[in-house]
Amino acid sequence: MAKSPLHYCATDNEVYELLMSGKQRITDSVLHAVARNRGIFYSAQDSREHLISNLSLLTYGFSELQGLLGQRENPARAEKLTSVKLNTALSLEEVRSACAEYGKTAATDEKVVSHQEGANKFVLKVGYSELDYSKTRLLQRRKRDAEIEFFVGENGTTIRLPATEKANEIIAKVKDVLDASRKTDIPAERIELTDLVSPEARTHFFTSLVAGLSGYNLVNVTNIRIDSSHLPPPDLAADEEDGDEEVADDESDRNVEETMISAIENVALKGSSLLGTPEYQELRRKGFYTTFIVWRSKQAQTPYDIVEFEAGFDDPRKGTGFKYNVKGVHRYINGRYTTTLRPLTKDEKATLLALIEQTARRVLAELRAAQTARLSDGPEEPA
């Protein structure tokens with residue numbers, strides 16, 4: 001049985017830091033509302049620091065602190081997901097037993113529940129808390145939920161989980177139970193680019209992904225992150241001091257430009273139609289490759305909604321930690337699109353997440369097959 005997390009009292013300094021750290025979400029109007037709930041009215045001309053200095057001296061109970069902490073949270077922020085495919089046909093009963101075994105050995109502050117959905121889906125939900133010491137004290141402990149879905153099929157079991165360290169730890173333990181039950185190491189396949197080292201192949205993975213979603217046509221790329229395929233030079237200053245030859249000014253300028261490009265590790269671009277911009281194309285020619293992308297695709301058939309997706313890698317250089325999400329949809333209503341992203345229904349989102357997974361695995365298989373074919377051909381024999 002899970003134990004309730006410890007509740008701590010808050011000093012005036014900690015409340016002050018909490019209110020000061022959340023300017024975008026704890027606005028001046030929120031501060032005035034907190035004061036009015038205490039029967040205190042401040043002038044609209046009072047500075048933010050004056051309001052917070054006075055409010056931090058008040059006494060706050062647990063529920064009142066929870067209200068302030070709730071103001072700091074961003075409920076619209078969706079957590080990115082990742083997936084693992086176990087290339088062995090499992091039964092729902094095996095998955096259920098492995099999840100039940102995890103629940104028996106879970107930490108005392110974890111709440112573990114599970115249930116079956118439909119004929120081939122099992123859901124494991126783990127509530128836990130984590131500490132982030134980079135934040136102010138009252139924000140260091142956060143309650144999190146890891147909802148892990150198992151899709152059991154004839155050709156294997158796909159596991160969809162949050163792209164967090166905790167969720168990956170849970171899956172590793174569940175897999176250990178499954179391995180012990182089967183008395184073998186069940187092959188686990190992740191979407192990774194570790195064996196595709198060329199910048200062209202890694203960029204091709206993303207361009208094929210965004211253009212290859214079945215039933216959708218690419219509309220726009222609004223955010224892209226690229227990394228350099230080479231490391232910065234060891235010591236530019238020392239090389240310049242040791243140089244014995246002088247170069248012409250135009251060649252020197254060109255060398256400086258090349259050196260600056262080589263010293264850049266990653267670049268983030270935001271805008272519209274980024275794949276066709278001269279800046280992006282120039283960086284590609286310099287050896288940069290795509291590591292993260294946000295794009296919009298339009299349904300090829302009615303209702304012609306435009307969906308916004310995102311995908312990238314946790315470790316761009318290694319090509320590991322593939323994570324993705326469906327951010328929302330612009331609905332086509334009465335002959336026009338909604339100006340803001342609308343949330344998707346649960347079934348819609350599940351279908352689109354599966355589409356990303358299937359497309360990414362298909363593109364990855366095609367790239368690996370093409371690379372194998374090139375390697376097997378080898379250099380041409382001289383006539």
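Are phenylalanine 322 and tyrosine 324 buried or exposed? Both are buried (buried is under 20% relative accessible area, exposed over 50%, partly exposed in between; 1.4 Å probe, protein chains only).

## Model and overall fold

This is a predicted model: local features need pLDDT of at least 70, side-chain atom pairs count only at pLDDT 80 or more, and totals for chains, interfaces and linings use all residues. Residues are numbered from 1 along each chain as its sequence is written, and side-chain values use heavy atoms, with hydrogens and water left out.

The protein has 11 helices and 13 strands (DSSP runs numbered from the N terminus: H or I of at least four residues, E of at least two). Of its 383 residues, 38% count as buried.

## Aromatic pairs

Nine aromatic pairs are counted (Phe, Tyr and Trp rings, the six-membered one for Trp, with centres within 6.5 Å; planes under 30 degrees apart are stacked, over 60 edge-to-face, the rest tilted). Phenylalanine 205 and phenylalanine 313 form a tilted pair, 5.9 Å centre to centre with 50° between the planes. The pair links distant parts of the chain: phenylalanine 205 lies in helix 7 (residues 199-211) and phenylalanine 313 in strand 10 (residues 306-315), 108 residues apart.

Phenylalanine 205 counts as buried because its relative accessibility is 0%. Phenylalanine 313, at 7%, is also buried. Phenylalanine 322 and tyrosine 324 form a tilted pair, at 5.4 Å and 35°. Ring pairs join Phe205, Phe206, Phe313, Phe322 and Tyr324 into a cluster.

## Charges over rings

The charged end of arginine 38 sits over the ring of tyrosine 60, 4.7 Å from its centre (NZ of Lys or CZ of Arg within 6 Å of the ring centre and within 35 degrees of the ring normal). Arginine 225 lies over the face of phenylalanine 292, 4.6 Å from the ring centre.
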